[in-house]
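Please open the model in your viewer and keep the sequence beside it.

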Amino acid sequence: MADKTNTILVVDDTPTNLEMMVAKLSAAGYVTTAAISGERALSRLEHYLPDLILLDVYMPGLDGFAVCKRLKADPRTAAIPVIFLTAATDTDSITQGFAVGAVDYISKPFQDAELLARIQTHLELNTLQRRLEQRVENRTRELQATLDQLQQANQSLSLTQFSIDHASDSIFWFNAEGRILYANQTAAHRLGYTLADLLTQSVMDVDPSLSAATWAETWQRLRRDHSFTVESEHQGQDHQRHPVELQVNYLVFNGQEYAIAVARDIRDRKQVEQVLKDANLLLEKRVTERTAELTAAKEQAEAANRSKGLFLAKMSHELRTPLNAILGFSELMSRDPTLASHHTENLRIISHSGSHLLTLINDILEMSKLEAGQINYQPERFNLMG
């Protein structure tokens, strides 16, 4: 039984043939329409696309070959299968029919069963072809999408690899034996190796502070702690060393153990640290020297104060001794009632002036003792208004 959704266009310039074909196809269950010329067929195809076309070869105006050629040139109708119906059986006609794009060639008169069988076959083939093309198209889109994803992933990997190779820090992958399994271009450049030569070295070649025994200890520490940071030195192919700060991490990938080390060149930092260290040492030296100078100056000042105090004490003694004698004699003489009044006034003046001078001498002596630290005054509060 035919699929009732299949539609067929019959093109023939003989009305009797058209009626007969439409009747047979309709009876077989096909939705059928007809065109009496090639021109009308093309006009109808502008608004209606059948699943299959039965096309007469020899017609006035546009013959079947010309119509088929136009159909195959139009993307809208190119996939519609065309079966030629004609009384011509010569080889040239058959060859020409296939050359312009027909899928089959049925000679008149034909058997109804043969015609329907060929129509059904080509409809099924066309359906399978469209499904296959759709699958191919879908698969092509899927493959293209996958290819685009792979290209994006490859581009990302390339960018990542470029970033790693040109990172500011050196990057190494080591195995448990200390062999270098991977290194970036920065590491090779800083150590003066080609990348291929660097991959033949070991962690002991790069870090001269390590031996096979100390690397084994380091590996066990790394397995236990999973990461650590340490300062060390790396040695290049020219045996020159430079300080580095190492960030080492432990990683298990695909069942294999690795150590990943990121080495940062700290030569500039070490130079700055040395400059600061030298500056601190110089500052400490200058502070020590200045402290010694101030201590010496203080000792000299204290010695001068002591000398001044001793001098003033001696001078005070030398002045107070005769002055006390003078004041004593003046006091005795002032008690003589026989003295004239002007002598008494002179003695009073001498006594008064001597007392002031003695007080002044005592004040100077006390001030010198205070400066020398021999006297400590205790301040006391008092009310000036009381």
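**Stop one: the sheet**

Begin by selecting the strands, which form an open sheet of five in the order β2-β1-β3-β4-β5, with parallel pairing; strands here are DSSP runs (E, at least two residues) and helices are too (H or I, at least four residues), numbered from the N terminus, and two strands pair if DSSP finds at least two bridges between them. Colour β2 (31-35) and β5 (104-107), the edge strands, each of which pairs on one side only. From one strand to the next, the twist averages 20°.

This is a predicted model, in which local features need pLDDT of at least 70 and side-chain atom pairs count only at pLDDT 80 or more, while totals for chains, interfaces and linings use all residues. Residues are numbered from 1 along each chain as its sequence is written, and side-chain values use heavy atoms, with hydrogens and water left out.

**Stop two: β4 and its neighbours**

Select β4 (residues 82-86), which runs parallel to β5 and is joined to it by four bridges. Which residue in β5 is the bridge partner of Phe 84? The partner is Tyr 105.

**Stop three: two helices**

Finally, select α2 (residues 38-45) with α3 (residues 64-73), which pack at an angle of about 20° with their axes 9 Å apart. They are therefore roughly parallel to each other, a term for angles under 35 degrees. Show Gly 38, Leu 42 and Leu 45 in α2, which meet Val 67, Arg 70 and Leu 71 in α3.

Methods. Axes fitted to C-alpha atoms, helices over the stretch in contact; angles between N-to-C directions. Parallel < 35°, antiparallel > 145°, perpendicular 65-115°, else oblique. Contact = heavy atoms within 4.5 Å.
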